[in-house]
Amino acid sequence: MRLTLRVWRQRNADTPGAMSTYDVDGISADMSFLEMLDTLNEDLILRGEDPVAFDHDCREGICGACSLVINGDAHGPERTTTCQLHMRSFHDGDTIDVEPWRASAFPVVKDLVVDRSAFDRVIQAGGYITAPTGAAPEAHASPVPKADADSAFEHAECIGCGACVAACPNGSAMLFTSAKVNHLNVLPQGSPERETRVLDMVAQMDAEGFGGCTLTGECATACPKGIPLPSISAMNKEWLRARRKAARG
Amino acid sequence: MAVSGLLMLGYLVAHVAGNLKVFFGPEEFNAYGHWLRVMGAPVLHHAWALWLVRIVLLAAVVAHAVCAYQLSRRDVRARPTAYVHRRRRASYATRTMRWGGIILALFIVWHILDLTTGTVHPGGFEEGKPYQNVVDTFSTWYGNVIYIVAMLAVGLHVRHGFWSAAQTLGVGNARRERLLRAAANTLALVLTAGFVSVPVAVMTGVVS
Amino acid sequence: MNSTGPTEYAAYTTGDPLADTKAPAGPVAERWDTRRFEAKLVNPANRRKHRIIVVGTGLAGGSAGATLAEQGYHVVQFCFQDSPRRAHSIAAQGGINAAKNYRNDGDSIHRLFYDTVKGGDFRARESNVHRLAQISVEIIDQCVAQGVPFAREYGGLLDTRSFGGVQVSRTFYARGQTGQQLLLGAYQALSRQIAAGNVEMHARTEMLDLVVVDGRARGIVARDLITGEISTHYADAVVLASGGYGNVFYLSTNAMNSNATAVWRAHRRGAYFANPCFTQIHPTCIPRTGDHQSKLTLMSESLRNDGRIWVPKAEGDTRPAAEIPEDERDYYLERIYPSFGNLVPRDIASRAAKNVCDEGRGVGPGGQGVYLDFADAIRRMGRRAVEERYGNLFDMYERITAENPYEVPMRIYPAVHYTMGGLWVDYDLQTTVPGLFAVGEANFSDHGANRLGASALMQGLADGYFVLPATINDYLARHPHAQPVTDEHPAVREVLAETEDRLNLLLAVDGDRTPDSFHRELGELMWEYCGMARTEAGLRTALARIPEIRREFWSRIKVPGTGEEFNQSLEKANRIVDYLELAELMCLDALHRAESCGGHFREESQTPDGEAARRDEEFSYAAAWEFGGTGGSPVLHKEDLAFEYVHPTQRSYA
């Protein structure tokens, strides 16, 4: 098929960007969206132009590197990561807009590549369980009810891609933060740091310049791993609980 | 936002219940209006309870507006560059929270000037005769338009606001999701229908 | 030294034999304790003064960085990804083995040790493998304490399943995302140390060379991938946790950016490279759909439990699967291996698929695929049961291929998956360059010629959490006062100049071929001649061709842009430079090892019924290669393998 791409081109963080138009031809329906961009880049290189920079790595939907907004949708029209989106979701002659994640907490590095280190700092603020190597008790010492283990897993599936932030009209990172808070706080192992974890992670999230949550639900709709919207409520509950506890001293 | 919003929501529920007394005739409605002023008597002085409610409400409105302003500022800062390709997203109620809020704020000003102080009231505003005042307002076309539009905005605002407040307060979870959605929809519907029934009744002559 | 390599292709010479001087003698079960006791310790107060560089943040690197920092060392860590959480360990699906014996099904440390040595086709060290089995137990405890959400049973205890053809249920898992969950555990532990200031993390920074001063590894040269700035970093020891080199083949299940630069540059600076020809080819991957294919996706091996593998009996039969009657189908695994059927080990299943496709009986586009058919399973168990067991895999297959595997058989084909070879390390995980350590897939240590399923995660975490943090103390304690190194040191200036020259040359050629076109060409050559089945003639062809591709690369490569910016083409081209050298060593190693073992199948060395025939008398050693210059003659150092506990036998699955 033949497509018209309108791609956000931006040389680096300090230069303003704009949309550029490219025609691509000979696109197979079996190609992934990223392979279609590979095809474009091969052409651009041979024509002596700068290929389009985009983040990608595992190309099987788990590393969370790929991060394109396609026709206004984070990761495009299917509920999956960009790397698992195939060209059969488009039609011959389509015009496709490709943009980077847009959030002040995710500054553009180049073209479609953004800096998501803010997520790392949110995790560093408390998204862990303090368990130095060697200090662990026998794994069966504390059984975990299956429901809790399943709930922890459901939240631990987050791949940190940032689609939630990209899709949120407010650029909020509540779904990302709540996924980690809920993963760890539901487990007995995570219980001792339950309060400091949620307070510190939320404080860091705010400090990074993410927007506030107005519960639009766009994050959960865009999430390729299906982190559910009620996670946000669960985190709010943890946060209020921690604040109350802190107030009591 | 959740706490101030819920306070106002509680007020609206009481307000709509009171409004519906209009269907029982001028005496009962006016008596209700009078009771609001003597509420708490004889322990409290005349209208003290009412003023207390007004003060709490005013605080809630101010808090709600300030929070909304700060939140909006923060959200705008969080996305300095807009997407080139814009798409309709989220539900109508969700998307209209900000404009709906502004419409409601303007409405409240008009509503107070109209039926509390009588400053912009059409016809002769009479203190202590709320029934007649209501009928006067809804006998003008613009009174009806302003009121009905605002009440639709109330419905939309409450629909997302109530559910959203529950999430903010950490009450939401997967099991309660349907219950909370249903409660939000019901509240929105009952409030809007209740409020709108009054101008409709005046227009159709049921209340005159 | 005596010359043994034929001269018409890259010759090699044989050097002195190599010995692992660190593994203690004595009963195998006590060796790890003995070594830990004998290893010198660093006073906790002195640890802060030691800097350790860790390259890579996967299971091995992430766990090593976190643990070394917890011990008080100052860790300087690097990853080329934008976040340490994205290392490719994240993509591992199946699970992690541990000899917990929670099932009471006869498992033990000794059995895991035995299975791993045998599974590796007797080309791994007994001492290392036994240590791995011992530590496996501690890994599960450690990960549970970190909050890794392993699958659990209703009683709240950990669930296990059987995996990789062993007879016990020792594989712990987190649905199909075990690697992700274990990696996030390590990443979170690392994050805690970053926040505490004990780890200095450099993301989007790629190691381009190793700094060796006075015979010891003292630092690295790295490039900031955003600004293009080349920088030097110094330390008292360098740990490479940079993963495997499967991307030499262009198409593999590795991530697109996984690369061999760190290990290959270390090799060029003196670290021996062991068993480079030992690559694992996984039988159940989704076939390629065309030339645009950029990577291959694995489908869990568990599908072979219920799916039946077949191809048409006739060559060139292009009818849809449903129109091919039962008696015109060849269920070749069931036919050739009646007792194991579709459950033969990975290498055998892969080779059989290649054979039927070579006969022209492959299915799908290009004839590079075989059917994995669930029709019988659906008839037997019902669609619902199949859905419960494999639903998520079927969904993934459908998303990629747009075919519904409940209605038409899946198509699968083998793909490069893991590399058992890597930098040669001793029992302490130290390479032949003092102060340079290699952990995880980057080293060659534990899997011999074939890795068992669910063992990669185990090895990565064993190395990072437990082995390296114990053994690196010994090195640091014995070299306590390293002289500070600066950029003015002649050795550093030389490395820096070489790196800059290489990048500048890549940019300056301005030819007419893209980096990908060379990578693809090399990959196809390697897949053809150094893939599932290898012959002397084929390997000689490859060895003749690779230097030609290399020459062509340096005259026709086109890399747009500059070195002082975010330039993904430059990153790619620079990695291909190293693939073009490593590929040659892989072929040479495959040629010199004139036996079949594990993932290395030499057609000349097979049993009458077509199975891999090991030649223990001649090849019971690890081949550690010393760099001999680009296109020059490498030197082979043999490390003899002794088997005191598990006696070599020939595998049979018929």
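**Chains A and C, and the inside of chain A**

Guide: In this predicted model, 61 residues of chain C are in contact with 65 residues of chain A.

Visitor: Which elements of chain C give two or more residues to that side?

Guide: They are α3 (59–70), α5 (126–146), α6 (178–195), α12 (456–478) and α16 (568–592) of chain C. The largest share, 9 residues, comes from α6(C).

Visitor: And how does the side of chain C that touches chain A divide by class?

Guide: There are 23 nonpolar, 24 polar and 14 charged residues on that side of chain C.

Visitor: Which chains share the most contacts?

Guide: Chains A and C do, of the 2 pairs of chains in contact. Chain B and chain C do not touch, and their nearest C-alpha atoms are 20 Å apart.

Visitor: Let us turn to chain A by itself. What is its secondary structure?

Guide: Chain A has 8 helices and 7 strands. Its C-alpha atoms fill a box of roughly 65 × 35 × 35 Å along the principal axes. Of its 249 residues, 60% count as buried.

Visitor: What share of the contacts in chain A join residues at least 24 apart?

Guide: The share is 69%, among contacts between residues at least 6 apart in sequence.

Visitor: Into which domains is chain A divided?

Guide: Domain 1 covers 3–110 and domain 2 covers 117–248. The C-alpha centres of these two domains of chain A lie 29 Å apart.

Visitor: Now a single helix. How far does α6 of chain A reach from its first C-alpha to its last?

Guide: Helix α6 (residues 194–207) of chain A has 14 residues and reaches 20 Å, close to the 20 Å expected at 1.5 Å a residue.

Visitor: Which residues of α6(A) are buried?

Guide: The buried residues are R197(A), V198(A), M201(A), V202(A), Q204(A) and M205(A). They lie on the same side of α6(A) because they cover an arc of only 160 degrees around the axis.

Visitor: What do the buried residues of α6(A) pack against?

Guide: Their partners are α2 (117–124), α5 (174–185) and α8 (230–248) of chain A.

Visitor: And which residue with a positive phi follows α6(A)?

Guide: That is G209(A), with a phi near 90 degrees.

Conventions
Residues are numbered from 1 along each chain as its sequence is written. Chains are lettered from A and ligands numbered from 1 in the order in which they are written. This is a predicted model: local features need pLDDT of at least 70, side-chain atom pairs count only at pLDDT 80 or more; totals for chains, interfaces and linings use all residues. Domain bounds come from an automatic or database domain assignment. Two residues are in contact if their C-beta atoms, placed from the backbone, lie within 7 Å. Helices (H or I, at least four residues) and strands (E, at least two) are DSSP runs, numbered from the N terminus. Ala, Val, Leu, Ile, Met, Phe, Trp, Tyr, Cys and Pro count as nonpolar, Asp, Glu, Lys and Arg as charged, and the others, Gly among them, as polar. The expected span of a helix is 1.5 Å times one less than its number of residues. A residue is buried if 20 or more other C-beta atoms lie within 10 Å of its own, exposed if 12 or fewer, and partly exposed in between; C-beta atoms are placed from the backbone. The arc is that of the directions from the helix axis to the C-beta atoms.
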